[in-house]
Amino acid sequence: MMLTPLLLIPFLGLVPLLLWPASAPAGRLRAVAISVLALQLLWSLVVLVAFDPADGGLQMVENVTWLPTLGLDYRLGVDGLSLPLLLMNAALTLVSAVCTRDISQRPRIYFALLLLISGAVNGAFLAQNLLLFLIFYELELIPLWLLIAVWGGAERAYAATKFLIFTAASGMLILGAFLALALLTGSLDFSLTPVTSERLAMGSQLVLLGALLVGFGIKIPLVPFHSWLPDAHTQASTPVSVLLAGVLLKLGTYGLLRFGLGLFPEAWAVMAPWLAGWAAVSVLYGSLAAIAQRDMKRMVAYSSVGHMGTILLAAAAATPVSLLGTVFQMVSHGLISALLFLLVGIVYRKTGTRDLEVLRGLLNPERGLPYTGTLMILGVMASAGLPGMAGFISEFLVFRGSISAFPLATLLCMVGSGLTAVYFLLLVNRAFFGRLAVTPPTDPLSDARLDVRPIAVAPREIIPATALALGVVGMGLLPAGLGHISEAATTAISQLPAVMTAIGIRGGLG
Amino acid sequence: MPVIPARLTYAGGHPDAAELAGRLLASQTLLADTPEHVVEVVDVLYSYGIVLDAYSRNLIYQAEEQFLNPFPIFKFLDGDLSAAKIWRHLIHDRINFEYAEYCMKAMLWHGTGGLDAYLDTEAFLANCQAIIRRKSGRDPLLALLHPLFGGFLPELIRTAATTHALGQFWRVMSDLFVDLGQAEAEGRVRSIPEVVAFLQQGLVAAAANPITYAVTVAGERFWVLPPEAGLTFLVDVAVPYVEAVFLRGTPFLGTVSFNAQAQQISPDQSQFRYGALYADPLPTMGAGIPPSLLMQDMYRHLPERLHERYRHSTRGEGDVRVKICMSFQKSMFCVTNAAINGTFPHPLDDPTPLATAANRAYADAWAARLCLARTDCLDASKQRRA
């Protein structure tokens, strides 16, 4: 019973929050939520300690038959692919709760929803039964919709509805694929067993894999299913953006690896060249769209589209190095984008705007946001893949692992990675360098004389961002730890197509 | 995208040239007369006075004791080479004398007025040659250097002369600013017009003070700026100082574009507008902003009354040096105001048309330059009602 507590802690933790009297101060509810999330992080670390990195298969498996007539089993397990994501979920939900301040309305519901999302994400990463996965995958949807629709910005209704429609479609496609799999194979076995061509014709495999790709492609998101993400990010509050970028998008890439590659290794190998091309389009489109943005948050959101695209490239290549790269890219993107969203949130809170045509010179040492600016420069350098930080090691692994399989797509993705430097330098140059100003320039003479007085950032406000920045640098300098945890599992996944082919050949001969 | 909250910015107004000239001619002060301004100006000038005292002593020490020293590594120690002093210097528990040198270089480079004119005369060069001959006898390095680069040592002596003259100027200003603080504490100065009048009296009283400078080389005394050159405090040092440091200044890296091809910095030195009255206080403490050094020095000697006021405005201690810089700019407008009042060609109450026209032209010339300065700090709209 190592893994069930990861579900019990958040799900039971939200009960006292909901039972608290409505008059309870938001600060106390926040403290309760932080304690629960800290406990969850602690238990995730316990799982990390108990984890055996040398074993590439599932560990700490818990298996309870639940509804055998439906094929729904309560089957949990953890491997080197899901463990880093569990840790990320625990850490970033905690960061979200810590950076939630000045919450004016319904704090009980707000923190309860945070815990619900965190528990559901844990469940999705741990589930080893397709239906169980789907339950958790859908479970995080409604809380997130509420978090955007209730606590979001001015256009929140539009953004939240768009998010709901897109991700509901995603859920339906995945459910459809799973049910069709049961229908076509004629068995109610929803366990995670690779489907061979013996059991299912290649044509059907490709259709099912296509449904999964679109379903998870919406969640990641990949172009052209990405348009919900920038709207959701711009309207979501900072903690929700942190969760969304840092954790929830990873459900898409995790699903792609676990169910796309894991269930249909043969079909995956057939589609891989197209997937690599799709990845290159997604990376280039995301990066080019980011250049055109003038809202800082939209820019970071489009950079997410670009960076998540590289995960598809690495998954398509499916070499041991590139799959290790996917884990690194998921963790590094989670840390970096969470850091960037936190910092953009601080800028927005202090200046009342995220408009790059308005903000200037925020690095001003006395009147600006110098420490925030410093962390922002660190964050964009990491995102652009500068050595010594998390972005470098993950992109290096992705490109190194993919270039032999798909040279052209990899080179195009590298161009997209280079464009990261372009748009983030635009961001830093516009918002942080030059004379301090938070007003659209109308009269150059009088604007140059304006006495600008943003409120200072208190040290406690910057603690979460500092912690993430340390994580980004730490992972860049000492990547071996994560590699140690994940390598056996990703190598095992990379050998699936070869193993399947070998089994297929033997089956054919027999 | 939401509109930027108005509470995050403050615009101080922007009086035009006609209004500034009118104020000068009507004997009104440029800086609005409010009780807050009196505290700001008097207290900031008091701390400036203390800092100028240190600057002045050090500049005079450098010019006299470190004269033609090729490796003046202890020039900021005022001759005190004790371990404690060196340690305090190394951990930066000290006055930033670099700022004084920066002002000296601005004066030397802009080179206006009688002092600069004298530095190019035959008499000055003859003195230089005598000094160099005497010094070369004892210093083989200089003996080697001078024949190779004939212009080098005279230029160093010009630098030393400017250093000494600035030291003498600040000696007077330091005492004047400290006296102003004393006068305000005793209730003799209560308003901005009285502050300006006090400064004007001080400048007028010192106007004719002679500026001289002699060095002792190998036991022999030489004049660098002899009495017969006739250099005086106000015309030959104070006015060039105001021109170089208050008005022209030099552009700081990071605040002004250095695209010389686009002539974003005027190729004509006299058109420079980067001095203390034009400088933007917001980048204070940024890299490459020399006034940050002065603000740090003044911060260390800030009177408690003003410090307490700063603690309760905007970011408190967090942006205290920017606030000092803003107050300093106000006080520098008062000093400029006093200097203009003291140098009108005719008394302002002289009713003859010739005198009125001359005064008007003088005021207009100043107003034309000042209307481009940071007059937003003057808070013209806050003028105290009589």
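## Terms and model

Angles under 35 degrees count as roughly parallel, over 145 as roughly antiparallel, 65 to 115 as roughly perpendicular, and the rest as oblique. The structure is a predicted model, in which local features need pLDDT of at least 70 and side-chain atom pairs count only at pLDDT 80 or more, while totals for chains, interfaces and linings use all residues. Residues are numbered from 1 along each chain as its sequence is written, and chains are lettered from A and ligands numbered from 1 in the order in which they are written.

## Two helices of chain A

In chain A, the axes of helix H4 (residues 107-126) and helix H5 (residues 130-139) come within 8 Å and cross at roughly 155 degrees. Axes are lines fitted to C-alpha atoms, for helices over the stretch in contact, and angles run from 0 to 180 degrees between N-to-C directions. H4(A) and H5(A) are therefore roughly antiparallel to each other.

H4(A) contributes A:Ala120, A:Gly123 and A:Ala124 to the contact, and H5(A) contributes A:Phe133, A:Phe136, A:Tyr137 and A:Leu139. Two residues are in contact if their C-beta atoms, placed from the backbone, lie within 7 Å. Helices (H or I, at least four residues) and strands (E, at least two) are DSSP runs, numbered from the N terminus.

## Where the chains meet

The contact between the chains involves 23 residues of chain A and 25 residues of chain B. On the side of chain B that touches chain A, strand S1 (9-10) and helix H13 (320-342) are the elements giving two or more residues.

Strand S5 (residues 451-452) of chain A pairs with S1(B) in the antiparallel sense over two bridges; strands pair if DSSP finds at least two bridges between them. Opposite A:Val452 stands B:Thr9 in S1(B).
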